[in-house]
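Visitor: Could you show me around the pockets of this protein?
Guide: Gladly, let us look at it together.

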Amino acid sequence: MVTGVGVLSAAGPGLAALTEAAAHGKAGFGPVTRFDVSARRTDRAALFPDTVPLASAAPLAAVVLDAIGQACRQAGLTAAEGAGLPVLLALHSDERTRATADAVAAGLREAWHAPGVARVYTGACVAAASAVADAAALVAAGRHPRVLVAAGHLVEPGVFAVFDAGRALARDGEARPFSAGRTGTLLADAAAAVLVEAAPAAERRGAPVLARLAGWGRAGDAHHVCRPEPEGGGAVRAIEAALGRAGVAPAEVGYVNANGTGSTLADQSEARALRRVFGPHTDHLPVSSSKSVHGHALEASALLELAVTIGALNTGLLPVNAGWLGPDPDVALDLVLNGPHTARPSYALSLNSAFGGANTALLLAPE
C-alpha cells in the first residue's frame, strides 16, 4: 500500500497542486533563469516556482527532505516507527551524488530517526521506478513493514547542455508527447517521496491508504545505447510482468500514464508496445504523458509520475496530454486531450523507459 506521498514540482509544493495542473493540462514550462542559456537551442524548462525556495547549501537534499516530510506526515508516521525505516533514494549520478545522499541521510536521522539511506539508484530515467519495485518486493516478502522511496532532480547547466547538444530538447519550448510536430522533451525540477507499506502494518497504524501497488515489472531491450527498440519489446515484457504479478487482464486497465518523452522514435516505440499488450482495448484505453505538464525530471521522473497517477486515482481526474498539435499516424492511442477528464479506472499503469533499453511498469489500484 502507498500510505504517504510528498512532492514538489513546477506546479508548486504538494500533490494537490500537481494533480490540479495535470488534470487541466496546465504546463509548467518557462524561461530558464538559474543559469545562462543564451548559447543553447532551447531556453525553457519546468522549474520550481518561487514558492519552493532552494537552500543555498545542499539545495537538492533540502527539497528531497521536504518531500519526505510531506509523505511521512501524511502517512502518520511517528519517529519510533521511522527508527528502522529503510530509505531508497534515486538521484542523478555526478560528483555531488554522495554529498546529496549524505545530507538526506543526516536529515532523515534528525527528523525521523531513520538509520540513513539504504541504497542509491542512479539508473537514468527508470531509477525511481526501480526503487519502487524493490520497495514493493521487500514489503511483499515480509522483509520490512514499510519502505520509503525518495527522488530528486534539479535542472542544472551541465545536464541541460548535454541534452541540448544532443538535440533532445524541444526546439519550440513545449513538450508534445505523441503529437505530430513534437521536437523533444523538456527538463524539470522535482522532488518526490512515497511510503510503501504492508497492508497489515498500515491497518494496525490506522494509516491512510492512497493506492495499492498491485504489480510491477522490469525488462531490458539491449538494443542501443540511446535509441529505443522500435517495436517496444522491453516495455511489452515489463507491462506483462506487472499485469501477471497482479493477476490482472489487460482489459481491466483503465488508464496509462505513459513514458511519453516527446521524442519521435521513443513515442512511436511506446505506442507499438501498448498496442501489442492491449490489442483492441487500446482503442478505448485513456493514455497521456504527464511529462507534458511537469517536464522530464530524469531519475526522479518515475516517482513524480507515480504521484500524478495516484492523484488521478484519488480525484477521478485523468492527466491531460498537453501540447497537442494533431495526430501522428504512427501513434494510434486514445489520448486524453481535454480536461478535466473524469474516470474511475480499476487499475492504472505508470510506465518509464531509459537510455540503454531499461523499462519499468508500475500497476496501481485505488483504495
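Guide: First, a term: on a 1 Å grid over the protein atoms alone, a pocket is an open set of points where a 1.4 Å probe fits, with protein on both sides within 12 Å along at least five of seven lines, and lining residues have an atom within 4 Å of a point. Points are joined across faces, edges and corners, and a volume is the space filled by probe spheres set on them. This is a predicted model, where local features need pLDDT of at least 70, side-chain atom pairs count only at pLDDT 80 or more, and totals for chains, interfaces and linings use all residues. Residues are numbered from 1 along each chain as its sequence is written, and side-chain values use heavy atoms, leaving out hydrogens and water.

Visitor: How much space lies in the second largest pocket?
Guide: Its lining has 18 residues, with Leu-60, Asp-94, Arg-96, Thr-100 and Glu-156 nearest the centre. The space in this second largest pocket is about 350 Å³.

Visitor: Which element gives the largest share of the lining of the second largest pocket?
Guide: Helices are DSSP runs (H or I, at least four residues) and so are strands (E, at least two), numbered from the N terminus. Helix H2 (59-74), helix H4 (97-112) and H6 each give two or more residues to this lining. The largest share, four residues, comes from H4.

Visitor: How much space lies in the largest pocket?
Guide: Its lining has 35 residues, and those closest to the centre include Cys-226 and Phe-355. The largest pocket holds about 800 Å³ of space.
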